[in-house]
Amino acid sequence: MKEKLYTIPVNDAFDKDYECPICAMYEELENRYVEYAMGPSYMEDDIRDETDRLGFCEKHMKAVFEQKNALGLALVLQTHLRRTRKEIEKLSGDLGKPAALMKKAVPPSAAAYVNKLHDTCFVCKRIAEMFDRYLETVFYLYKKDPAFKQKFAGSKGFCTDHYGVLIVKAGEQLKGAEYEAFIKETTALYLKNLERVEEDLAWFVNKFDYRYANEPWKNAKDAVPRAMLKANGIPYEPLS
Ligand SMILES: [Zn+2]
Ligand SMILES: [Zn+2]
């Protein structure tokens with residue numbers, strides 16, 4: 001593999017006691033690039049050009065706001081909005097074609113620009129570039145490092161999205177018997193751990209029944225946030 005390997009952050013993610021180590025990898029990158037967006041980098045011309053062009057998705061705009069750098073965000077938004085305005089101004093000569101009877105109107109060129117802008121995000125783009133490298137590193141370690149393979153097998157499984165990502169990516173990264181074994185292992189790991197969280201939810205539900213009021217919580221106390229991660233990849237704070 002010619003690409004650089006990221007064995008340290010990938011191992012760190014699998015060392016965490018977390019319901020999806022791939023989510024842990026993603027969150028590490030997300031936190032890094034949200035901080036980066038509001039760090040000194042926003043004053044660099046090439047970075048600002050990127051934030052001007054791409055903007056942020058709703059999730060990351062909120063996360064960037066949470067960095068509490070009001071001046072930084074004001075500057076970034078100022079030039080981003082200016083850029084958006086200039087682009088729309090340029091395209092606004094074309095007002096589209098009005099709908100003839102029974103025909104759909106052809107939308108103005110500005111509509112395509114707005115749609116594209118909706119789908120771009122400075123933070124998402126940075127994460128995507130690195131996340132793919134991290135995933136390749138997962139497969140590299142799985143093939144080459146027996147200690148990692150053990151860690152993988154002993155993990156708490158994956159959220160549904162990342163289970164899907166792993167079995168698709170396996171097709172690019174593994175061949176023959178290794179591919180088959182990976183799919184089998186990863187599927188079993190995902191299903192077994194999903195069942196475990198379902199059982200935790202069942203016990204959580206029981207605890208609302210007066211007959212169980214004096215029973216211990218077992219592993220059910222944080223069953224809901226852990227189930228939210230399994231279902232939607234929403235981060236949670238592990239109980240210590
Ligand atoms: Zn995940
Ligand atoms: Zn985003």
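This is a predicted model: local features need pLDDT of at least 70, side-chain atom pairs count only at pLDDT 80 or more; totals for chains, interfaces and linings use all residues.
Local features were considered at pLDDT of at least 70 and side-chain atom pairs only at pLDDT 80 or more, whereas totals for chains, interfaces and linings use all residues. Residues are numbered from 1 along each chain as its sequence is written, with chains lettered from A and ligands numbered from 1 in the order in which they are written.

The chain is divided into domain 1 (13-143) and domain 2 (156-240), with bounds that come from an automatic or database domain assignment. Taken over C-alpha atoms, the centres of domain 1 and domain 2 lie 29 Å apart. To the contact between them, domain 1 supplies 12 residues and domain 2 supplies 16 residues; two residues are in contact if their C-beta atoms, placed from the backbone, lie within 7 Å. On the side of domain 1 that touches domain 2, helix 2 and helix 7 are the elements that give two or more residues. Helices are DSSP runs of H or I with at least four residues, numbered from the N terminus. Helix 7 provides the largest share of this side, 5 residues. By class, the side of domain 1 comprises 7 nonpolar, no polar and 5 charged residues, where Ala, Val, Leu, Ile, Met, Phe, Trp, Tyr, Cys and Pro count as nonpolar, Asp, Glu, Lys and Arg as charged, and the others, Gly among them, as polar.

The largest nonpolar core contains 38 residues, of which V10, C20, C23, M25, A37, V123 and F158 touch the most other members. Such a core is a set of buried Ala, Val, Leu, Ile, Met, Phe, Trp, Tyr and Cys residues joined through C-beta atoms within 7 Å. A residue is buried if 20 or more other C-beta atoms lie within 10 Å of its own, exposed if 12 or fewer, and partly exposed in between. Two or more residues of this core come from each of helix 1 (7-15), helix 2, helix 7, helix 9 and helix 10, and helix 2 gives the most, with 9 residues. At least three residues are drawn from each of domain 1 and domain 2. Beyond residues up to four places away in sequence, M25 touches P9, V10, A13 and Y134.

F131 is found in helix 7 (residues 122-144) and is partly exposed, with 17 C-beta neighbours inside 10 Å. Not counting residues up to four places away in sequence, F131 touches Y26 and L29.

K68 is placed in the loop between helix 4 (58-65) and helix 5 (70-91) and is exposed, with 9 other C-beta atoms within 10 Å. K218 lies in the loop between helix 10 (176-206) and helix 11 (223-232) and counts as partly exposed, with 13 C-beta neighbours inside 10 Å.
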